[in-house]
Amino acid sequence: MKIEILGCSGGIGPGLKTTTFLIDDTLLLDAGTGVELLTMERMLNIRDVVITHAHLDHIIGLPLMLATIFDQHRYPINIYAHPEVITVLEEHIFNWTMWPDYTRLPENNPIIRMHPVDVGEVLKIQNKAIEVLPAEHPTPTVGYLISDELNSFAFTGDTGTNDQLWPLLNQRKPDLLIIDVSFTDESDELARLSGHLTPSQLTSQLTQLEHNPRITVTHLKPGMEESIMQQCLRLLPHRQIDRLQQGEVITLN
Ligand SMILES: [Zn+2]
Ligand SMILES: [Zn+2]
């Protein structure tokens, strides 16, 4: 399985894109500003889009991509998200005021089809099994565990402390964990209020994880990246932990 990290920042700035992962060229996991890095041809290859939640940094690329490929798309794109996220997309994005309603365009063969998903479900998409994981965030949010015949990885989505997650990961034992650590320990209260983790909170959460996968931290706030990583490395010397990098292509095999 090939995972291209098109965006993994907690904000924007020169060279910084927000959460967007492209898997095996055809499956998009979140659609932040990283979608901007795709050529027309690569956008047209996307068949399925799996969304963790409706915050703008995870969806803003979707309406813009649809408008870009609209004239040339050959196949409808399937959008998978929590039912409340689909409602947000329909009421607040694809509502003709913010953006055209692509759930109805073109009339005879709309460019997107919405598929509601909920925690505990296992979707079969292309050659993958995608299990919907719980997350803790101020808006309905999920994570995903994505597996092919050989490998798997878990993406927490945006999440704070989430004790429901670890028993599941202990059963599934993913090869890679991509986890939200947006803030330094100095911003503990802000992290709790906004539903993200700090290095110390991550450390406390990882005491519940029984195996030793590669752990990559994502969604770091611009300007705080070095401090967050120093704190993670100091607190977790026995873990394989590093920072998810935009432009990185992770191959699991
Ligand atoms: Zn969020
Ligand atoms: Zn976010």
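These questions cover the nonpolar cores and aromatic rings of a predicted model. Local features need pLDDT of at least 70, and side-chain atom pairs count only at pLDDT 80 or more. Residues are numbered from 1 along each chain, and side-chain values use heavy atoms, without hydrogens and water.

Student: Which residues touch the most other members of the largest nonpolar core?
Tutor: Such a core joins buried Ala, Val, Leu, Ile, Met, Phe, Trp, Tyr and Cys residues through side-chain atoms within 4.5 Å. Buried means under 20% relative accessible area, exposed over 50%, partly exposed in between (1.4 Å probe, protein chains only). This core has 29 residues, and those touching the most other members are F94 and I112.

Student: Beyond its neighbours within four places in sequence, which residues is I112 in contact with?
Tutor: Contact means heavy atoms within 4.5 Å. With those neighbours left aside, the partners are L66, I77, I79, F94, Y102 and T103.

Student: Is F70 buried or partly exposed?
Tutor: Buried would require a relative accessible area under 20%. F70 has 23%, so F70 counts as partly exposed.

Student: What geometry does the pair of F94 and Y102 have?
Tutor: Rings of Phe, Tyr and Trp (its six-membered ring) pair if their centres lie within 6.5 Å; planes under 30 degrees apart count as stacked, over 60 as edge-to-face and the rest as tilted. The F94 and Y102 centres are 6.2 Å apart and the planes stand at 75°, so the pair is edge-to-face.

Student: Which residues do ring pairs link into a cluster?
Tutor: F70 and Y102 form a tilted pair, 5.4 Å centre to centre with 50° between the planes. F94 and Y102 are both buried. The cluster is F70, F94 and Y102.

Key:
Chains lettered and ligands numbered in written order.
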